Amino acid sequence: LGHDIHFHDKKIALLEAGPRKEYNHVPDRYSNRVSSISPGSATLLSSFGAWEHVCNMRLKPFRRMQVWDACSEAMIVFEKDDLDDMGYIVENDVIMSALTKQLDAVADRVEVFYRSRAVGYTWPLPSHSSDTSPWVQIELADGRRLQTKLLIGADGHNSVVRKEAQIKNIEHQYDQSAVVATLHLSEATDNNVAWQRFLPTGPIALLPLSDTASSLVWSTSHEHASELLAMDEESFVDSINSAFWSNINHSDFIDTAGALFRSAISLLKPSGTAVRQLPPSVAKVDAESRAMFPLGMGHATEYVQHRVALIGDAAHRVHPLAGQGVNLGFGDIACLAHHLSAAAFNGSDLGSLKHLLKFETERQRHNVSLIAAVDVLKRLYSTRLAPLVLLRTWGLQATNALPPIKVRI
Amino acid sequence: TVNRPFSISHSSVDSEEMKKFQLLAHKWWDEEGEYSALHSMNDIRVPFIRDTLLSMRNGYHLGNPLSGVKILDVGCGGGLLSEPLGRLGASVTGIDPLEDNIRTADRHKSFDPVLAKRIQYKSSSLEEIVEESMETFDVIVASEVVEHVADLETFIKCCSQVLKPEGSLFITTINRTQLSYALGIVVAEKIMGIVPGGTHEWEKFVSPEELEHLLESNGFSVKTVNGMLYNPLSGSWSWMESTSLNYALHAVKSGAEGQPLPTDTLSEMDSHQHSATAGTA
């Protein structure tokens with residue numbers, strides 16, 4: 001918003017609980033928190049000059065995504081026809097640093113309060129005839145007071161803004177935690193494929209960072225996650241390799257049924273089954289790069305209220321299996337910025353529900369189906385039960401053979 | 001035309017009209033309340049004014065498009081239109097004969113430090129400010145006002161006096177047709193309550209032809225006439241070809257020589273809709 005021309009004479013304050021994060025030069029080791037950035041998100045970031053900084057630091061484009069089941073041979077491959085990049089794996093710290101640089105560029109319009117925390121909010125009363133200020137009042141931990149026409153809550157899935165605004169949140173903790181780590185591959189390779197295998201305990205994914213390194217995101221039960229963190233490095237690496245390569249979860253029944261379905265498809269659609277590539281094997285893990293965090297899903301019943309808007313994880317939280325969490329957030333930003341920019345050019349009061357509701361409708365329509373789909377997939381793939389495995393095996397094979405659905409995904 | 005009772009002061013303000021608005025003076029800023037249709041009208045009348053003015057200017061900044069423009073908002077009510085124009089950078093003077101309206105408007109703008117400086121409100125009729133404001137304003141906006149004035153010709157003459165040469169006059173009002181009676185009065189007021197009952201009197205509605213004629217014979221050149229349509233289900237306004245219900249009009253006061261510009265056959269079907277919405281983000 002600071003870079004938007006219609007916001008030329010507006011004032012924006014950013015309250016950030018953490019310290020200022022900027023890289024003067026990129027550290028040698030990779031950070032273990034990475035995100036898969038979609039092309040749409042990259043476009044947003046380049047619209048105000050941040051993507052350029054990311055490219056100057058470090059990122060890894062990937063062209064292909066292979067997703068398969070541990071209980072069967074079913075597999076689905078995503079790639080763009082024109083061999084364009086499907087997405088980019090970028091470390092979160094790199095993105096933060098790029099954003100900090102671009103914030104500095106508009107420091108006259110955007111004031112960032114690092115290491116600050118809001119301790120109290122006073123909401124405007126709905127009736128406009130009162131004598132109290134119709135704006136939102138915010139009290140900071142250091143005693144300073146701010147007032148604003150529009151408060152945007154981007155404070156994560158435990159959003160304080162959302163709670164204080166008394167917006168109900170539908171939430172559900174999964175009985176899973178995600179384990180992240182930075183891994184080094186056995187041998188250098190092009191490494192432009194993202195891999196994900198659905199184990200009964202949860203999906204394990206390998207996201208490329210460079211020709212020799214990849215980032216691990218392994219969603220599994222809380223107990224298994226703790227074990228993985230506790231075990232020595234060699235055992236950890238063995239677990240990862242076995243997760244990707246072992247076939248112990250296969251059963252003859254499923255394998256046969258899957259094979260039958262596959263030959264049926266190849267009769268109808270000869271090119272419907274793709275070549276199965278083999279994932280790379282892992283040699284070692286970066287010391288101290290292992291970490292875990294619990295997973296859950298959430299969706300706020302409302303994204304907006306008079307003078308309040310929620311974006312990103314404050315509004316919705318998903319399982320990482322589809323790599324979409326941060327991209328949904330970027331989508332929220334692009335949409336809200338668009339509506340606020342138009343409202344500013346119309347001279348409207350920025351906190352007015354009229355345009356905030358347009359943002360909410362647009363995003364809820366988009367987000368709800370994706371969040372529900374991810375939740376369904378998570379549940380569907382959490383089992384060894386034959387009927388469900390068969391269902392998802394055939395479903396995956398069918399989806400792999402049908403271009404229109406794949407393109408939509 | 002109905003003969004109006006002879007008023008003591010030869011004024012364009014109608015005291016009957018004032019009484020109607022007195023009752024609702026504090027309701028202006030309730031976006032969902034009695035004035036909700038006027039709030040949503042901002043979505044088309046502000047871009048209309050903004051884009052028309054931008055197309056006539058050079059060297060404006062998109063972040064502050066109306067900076068340096070002096071606007072008079074006649075019949076400003078609670079300031080619904082003055083505020084967005086002020087936010088776009090204009091210096092706005094809002095006048096309204098009803099003191100309660102001005103009080104409401106003043107209080108509402110006082111919370112915003114930027115607007116408090118850019119907008120000035122005065123409780124006054126148009127005639128009362130003519131003396132001190134000859135040729136002061138770049139733009140006059142009279143939105144949903146001319147259907148309430150007692151003497152339209154006097155009103156227009158006064159507009160001409162306070163407007164700079166080649167200044168712009170924007171009017172939005174309601175046409176006097178059978179359709180506007182059926183929809184504007186019967187449905188809008190009596191049945192659906194979109195407009196508070198008794199707000200409008202059909203006899204005072206003005207057709208675009210009448211308005212154009214009055215303007216042209218008083219030194220104005222009418223540039224644009226667009227029909228407007230309100231959708232009660234969505235609560236939103238849009239432009240339409242026909243001016244049989246609501247319409248918006250843009251006229252320019254002739255230049256220094258004082259000669260009215262020759263009128264081309266301006267049919268209202270010749271709507272300049274595209275030029276009015278050019279440059280929207």
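Visitor: Two strands count as paired when DSSP finds at least two bridges between them. Going by that, how many bridges join strand 17 of chain A to strand 20 of chain A?

Guide: Two bridges join strand 17 to strand 20 (residues 316-317) of chain A, and the two run antiparallel. His299(A) is set opposite His316(A) in strand 20 of chain A. Strands here are DSSP runs of E with at least two residues, helices are runs of H or I with at least four, and both are numbered from the N terminus. This is a predicted model, in which local features need pLDDT of at least 70 and side-chain atom pairs count only at pLDDT 80 or more, while totals for chains, interfaces and linings use all residues. Residues are numbered from 1 along each chain as its sequence is written, chains are lettered from A and ligands numbered from 1 in the order in which they are written, and side-chain values use heavy atoms, with hydrogens and water left out.

Visitor: Thanks! And how many bridges link strand 17 of chain A with strand 12 of chain A?

Guide: Nine bridges, with strand 12 (residues 169-185) and strand 17 (residues 291-300) of chain A antiparallel. Ser177(A) faces Pro294(A) in strand 17 of chain A.

Visitor: Switching to helices, which residues of helix 3 of chain A are buried?

Guide: Val94(A), Ile95(A), Ser97(A), Ala98(A), Thr100(A) and Gln102(A). Buried means under 20% relative accessible area, exposed means over 50%, and partly exposed is in between (1.4 Å probe, protein chains only). The buried residues of helix 3 of chain A pack against strand 2 (34-37), helix 2 (50-57), strand 6 (87-91) and strand 7 (110-114) of chain A; a contact is heavy atoms within 4.5 Å.

Visitor: What span should helix 3 of chain A have?

Guide: The 14 residues of helix 3 (residues 92-105) of chain A should span 20 Å at 1.5 Å a residue, and the end C-alpha atoms are 20 Å apart, which agrees. The expected span is 1.5 Å times one less than the number of residues.

Visitor: Over to chain B. How many residues of strand 4 of chain B are buried?

Guide: Six of the seven residues in strand 4 (residues 137-143) of chain B are buried. Strand 4 pairs in the parallel sense with strand 1 (residues 70-74) of chain B over three bridges, where Ile71(B) is opposite Val139(B). Strand 4 also pairs in the parallel sense with strand 5 (residues 163-174) of chain B, over six bridges, and Ile140(B) is opposite Leu169(B) there. From strand 4 the chain crosses through helix 7 (residues 152-162) to strand 5 of chain B, a right-handed β-α-β crossover. Right-handed means that, with the strands pointing away from the viewer, the path from the first strand over the helix to the second runs clockwise.

Visitor: Is Asn42(B) buried or exposed?

Guide: Asn42(B) counts as buried, at 10% relative accessibility. Asn42(B) is in helix 2 (residues 36-56) of chain B. Setting aside neighbours within four places in sequence, Asn42(B) touches Pro47(B), Leu80(B), Leu81(B) and Pro84(B).

Visitor: And where is Ser91(B)?

Guide: In strand 2 (residues 91-96) of chain B. Ser91(B) is partly exposed, with a relative accessible area of 37%. Its C-alpha atom is 7.5 Å from that of Ser67(B), 24 residues apart along the chain.
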